[in-house]
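Here's a quick briefing to read with the model open on your screen. Have a look at the two chains, then work through the notes by topic.

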Amino acid sequence: MSDAPAPPAAPQPEPTSASPAASGMQAKVSISDIFLSFLMIGATSFGGGAVAYLRSTIVAKRKWLDDVSFVELFSISQSLPGLNSTNMAILCGDRLRGWLGAVVAALGIIVPGAIIMTLAGIVYGMHGDRVLVTAGLRGVAAGATGLILATFIQLASKTLRGWLDVVFIIAAVIAVNWFHVSVLYALLALAVLATLAYRPKRTAEGRKPA
Amino acid sequence: MSQIPALARVFLYLSLLTVGGGMAAYPEMETLTVDVHHWLTQAQLVHFYSVGQMAPGPNMNMVAAIGEKVAGIAGALVVVLAFYAPTGVFTLIIGRLWKRLTNWPWRTSIQRGLAPVALGLMLAGAFTFGKSSLRFAQTATSAVEIHWLAVVLAVAVLVLMLRTKLNPALMILGCGVIGVFAFHP
């Protein structure tokens with residue numbers, strides 16, 4: 001079922017660390033290896049940024065994918081619904097061992113945190129209304145606010161390339177926070193407008209990507 | 001009476017909005033879980049989200065805590081499945097298709113256009129979140145108002161995030177310890 005392009009008889013030169021786009025095909029990575037690696041990331045990636053943990057495991061340590069493919073998968077994962085970390089797990093797992101690889105990669109990265117948060121929910125139900133717990137959670141929430149803003153600034157400084165980008169950001173904020181437009185409609189409308197704004201340019205010779 | 005079907009519906013819908021990250025879905029999550037279904041309060045949602053930032057793995061695993069609160073372990077399981085499985089299948093399918101569309105000019109346009117939109121929705125989520133994380137009533141009788149120490153903590157984390165390599169989970173934990181002393185009535 002593997003959809004990863006695996007030319008059966010293509011004689012590969014010995015896979016050196018500098019091997020080109022052929023990464024992920026050196027030797028078939030086993031399903032249990034994929035699961036355990038992603039489980040490890042899912043259990044240890046404290047403090048968010050699971051994608052950075054993914055890169056250091058999949059690209060740097062295991063050499064299952066090269067940096068070029070990793071960045072390419074990341075750009076896909078950002079344009080799709082779903083969290084970046086889970087989308088990346090699915091795309092990497094699929095690249096390595098097809099749909100089964102995708103399933104075990106996603107399970108590995110999600111399950112540890114999901115169990116921890118279920119337990120946190122149970123503990124919260126028992127003690128969440130204690131005065132000191134509430135006070136501590138207020139501090140935690142204040143800190144999380146700073147974390148969200150920092151993530152926004154880091155992403156914005158990498159992605160923003162012109163005033164038009166700023167217009168779309170402000171439009172999203174005004175629509176959702178001011179006019180309380182449902183996120184669904186804001187997303188659909190702005191996605192269409194922004195895609196059209198960055199539509200492929202027609203040149204005399206024909207189309208070429210913007 | 002079971003809330004399970006509603007949980008599945010709501011979190012399936014929310015998962016479709018998480019373009020570029022979970023925060024994009026936050027305003028809608030607040031509307032649906034707090035205002036429409038009364039599964040938890042605005043403050044509780046903020047608490048769950050914030051605690052979720054300290055857990056390993058995807059930063060939206062806090063949805064499991066909401067499911068648990070509403071319908072126990074089964075609720076958590078249903079929410080996690082609804083939140084991750086359908087978008088996961090979608091990603092798998094589009095991910096394979098996307099590779100074949102390398103030369104389709106609109107592919108670049110879509111990726112280019114979605115980037116600022118996703119950022120805008122993230123910022124909108126941050127504002128919705130900040131409205132309840134930085135404003136609260138210190139005691140049962142006082143008014144809901146901006147709490148300046150909360151703003152200071154948020155700015156401190158923001159600056160430390162941009163200037164240092166400190167682990168965010170530790171910073172947030174530190175804010176919790178400060179909160180225990182500073183925010184109790």
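What follows is a short tour of the two chains, how they meet, and a few individual residues.

This is a predicted model, so keep that in mind throughout. Chain A has seven helices and two strands, and chain B likewise comes out at seven helices and two strands. Between them there is an interface with 96 residues of chain B in contact with 89 residues of chain A.

**Chain A on its own**

- Going along the sequence, the elements of chain A run α-α-α-α-α-α-α-β-β.
- Chain A has 210 residues, and 43% of them are buried.
- If you take the contacts in chain A between residues at least 6 apart in sequence, 51% link residues at least 24 apart.
- Inside chain A, look at helix α1 (residues 31–44) and helix α4 (residues 84–127), whose axes come within 7 Å and cross at roughly 40 degrees.
- That crossing of α1(A) and α4(A) is right-handed, and the residues of the contact split into 16 nonpolar, five polar and one charged.

**Chain B on its own**

- In chain B the order along the sequence is α-α-α-α-α-β-β-α-α.
- The C-alpha trace of chain B spans about 60 × 50 × 25 Å along its principal axes.
- Of its 185 residues, 54% count as buried in chain B.
- For chain B contacts with a separation of 6 or more, 54% come from residues 24 or more positions apart.

**The two domains of chain B**

- Chain B is split into domain 1, covering 4–133, and domain 2, covering 137–185.
- Taken over C-alpha atoms, the centres of domain 1 and domain 2 of chain B are 24 Å apart.
- How many residues of each domain are in contact with the other? Four residues of domain 1 of chain B touch five residues of domain 2 of chain B.
- On the domain 1 side of that contact in chain B, you'll find one nonpolar residue, three polar residues and no charged ones.

**Where the chains meet**

- Start again from the 96 residues of chain B in contact with 89 residues of chain A. On the chain B side, at least two residues each come from α1 (4–16), α2 (26–36), α3 (42–52), α4 (63–100), α5 (105–133), α6 (148–163) and α7 (168–182).
- Which helix gives the largest share of the chain B side? That is α5(B), with 25 residues.
- Sorted by class, the side of chain B that touches chain A has 63 nonpolar, 28 polar and five charged residues.

- Helix α5 (residues 131–159) of chain A packs with α6(B) at an angle of about 40 degrees, and their axes are 7 Å apart.
- That angle is why α5(A) and α6(B) are described as oblique to each other. The crossing of α5(A) and α6(B) is right-handed.
- From α5(A), the residues that meet α6(B) include A:Gly139, A:Ala142, A:Gly143, A:Gly146 and A:Leu149. Among those they meet in α6(B) are B:Ala150, B:Leu153, B:Ala154, B:Val157 and B:Met161.
- By class, the residues of the contact of α5(A) with α6(B) are 14 nonpolar, four polar and one charged.

- Most residues other than glycine have a negative phi. Two residues below have a positive phi instead: A:Lys63 and B:His38.
- A:Lys63 has a phi near 55 degrees and lies in the loop between α2 (50–61) and α3 (67–78) of chain A.
- Is A:Lys63 buried or partly exposed? A:Lys63 counts as partly exposed, because it has 14 C-beta neighbours inside 10 Å.
- B:His38 has a phi near 50 degrees and is found in the loop between α2 and α3 of chain B.
- B:His38 has 9 other C-beta atoms within 10 Å, so B:His38 is exposed.
- B:Leu101 sits in the loop between α4 and α5 of chain B. With 13 C-beta neighbours inside 10 Å, B:Leu101 counts as partly exposed.
- B:Leu101 and B:Met54 are 47 residues apart along the chain, and their C-alpha atoms are separated by 38 Å.

Methods. Residues numbered from 1 in each chain as written. Chains lettered and ligands numbered in written order. Predicted model: local features only at pLDDT ≥ 70, side-chain atom pairs only at ≥ 80, totals over all residues. Contact = placed C-beta atoms within 7 Å. Helix = DSSP H or I, 4+ residues; strand = E, 2+ residues; numbered from the N terminus. Nonpolar A, V, L, I, M, F, W, Y, C, P; charged D, E, K, R; others polar. Buried ≥ 20, exposed ≤ 12 C-beta atoms within 10 Å, placed from the backbone. Domains from an automatic or database assignment. Axes fitted to C-alpha atoms, helices over the stretch in contact; angles between N-to-C directions. Parallel < 35°, antiparallel > 145°, perpendicular 65-115°, else oblique. Left-handed = near helix turned anticlockwise from the far one by under 90°.
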